[in-house]
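Hello! Here are some notes to read alongside the model, as numbered points.

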Amino acid sequence: MRDFNDSVRGCGHFDKAVNVLKEMKKSNINVLLRTTLLRHNLRDVPELVEFAKEMGVKIKFSYCRPAGRAVENKSMLEPIDAKNYLNVLNYLNDSNVLPYVILDEGMVYNQPPEMGTKLLNGRMCGAANRSMHINTNQGVSPCVFLGSDFTSGKIYVDGTIRNFWRGEANDIFDTVRNIRQPQECASCDRLCKNECPASRLFFWGQFDRQDPNCLHEVIKNSV
């Protein structure tokens, strides 16, 4: 909401965004609000949903990934936030709230079977699977959230997009494609398989431990 938004984005940003939303609605543009769940804005979630309903739009809630100010300001949800985060997930998955929100796959309690169509190579994660990242210096990475260790080479200096994607420029894309799932993911019947290796690497320094955002981990850590 306004106070936290403006503390992050700058004074007056919230009202500017709302004015743009209203103008887009007047032009019959399909508008979607989107916000990232941080340890600092969990208390705002019900108010954000009500605000979206008032504006006549849906609101998408996404995980916070390890990048930029989220890391600098220690805004990412950690295991210590599990109880508060679980309360938010319970609220968002309520049948009276679900029609007004869109959730990242791992946040959904009753994952519909059609969600399985988003899996590619048995993974929900898009890194080197359905997406890649090129930064302003032409550095290439399978995922911006994996950090500098997984950024290498430059487009049109060391190869084309195709060369990097096919692993002909270097082996980073193949490395990311072969990141192991935690054992819990391999035996889990939920459809958010291997959702964020970057979060696992950030929190634990390895890929084999569960992402703290995993619903099973959140439930376990909230006790």
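1. Where does threonine 160 lie? It is in the loop between strand S5 (140–141) and helix H6 (161–165); helices (H or I, at least four residues) and strands (E, at least two) are DSSP runs, numbered from the N terminus. Threonine 160 counts as partly exposed because its relative accessibility is 33% (buried means under 20% relative accessible area, exposed over 50%, partly exposed in between; 1.4 Å probe, protein chains only).

2. A word on the basis: this is a predicted model, where local features need pLDDT of at least 70 and side-chain atom pairs count only at pLDDT 80 or more, while totals for chains, interfaces and linings use all residues. Residues are numbered from 1 along each chain as its sequence is written, and side-chain values use heavy atoms, leaving out hydrogens and water.

3. The structure holds 5 aromatic pairs (Phe, Tyr and Trp rings, the six-membered one for Trp, with centres within 6.5 Å; planes under 30 degrees apart are stacked, over 60 edge-to-face, the rest tilted). Among them, phenylalanine 14 and phenylalanine 51 form a tilted pair, 5.7 Å centre to centre with 45° between the planes. Phenylalanine 14 lies in helix H2 (residues 13–26) and phenylalanine 51 in helix H3, so the pair ties together parts 37 residues apart in sequence. Phenylalanine 14 is buried at 9% relative accessibility, and phenylalanine 51 is buried at 14%.

4. Ring pairs also link Phe202, Phe203 and Trp204 into a cluster. The charged end of arginine 209 sits over the ring of tryptophan 204, 3.7 Å from its centre (CZ of Arg or NZ of Lys within 6 Å of the ring centre and within 35 degrees of the ring normal). Tryptophan 204 is partly exposed, at 25%.
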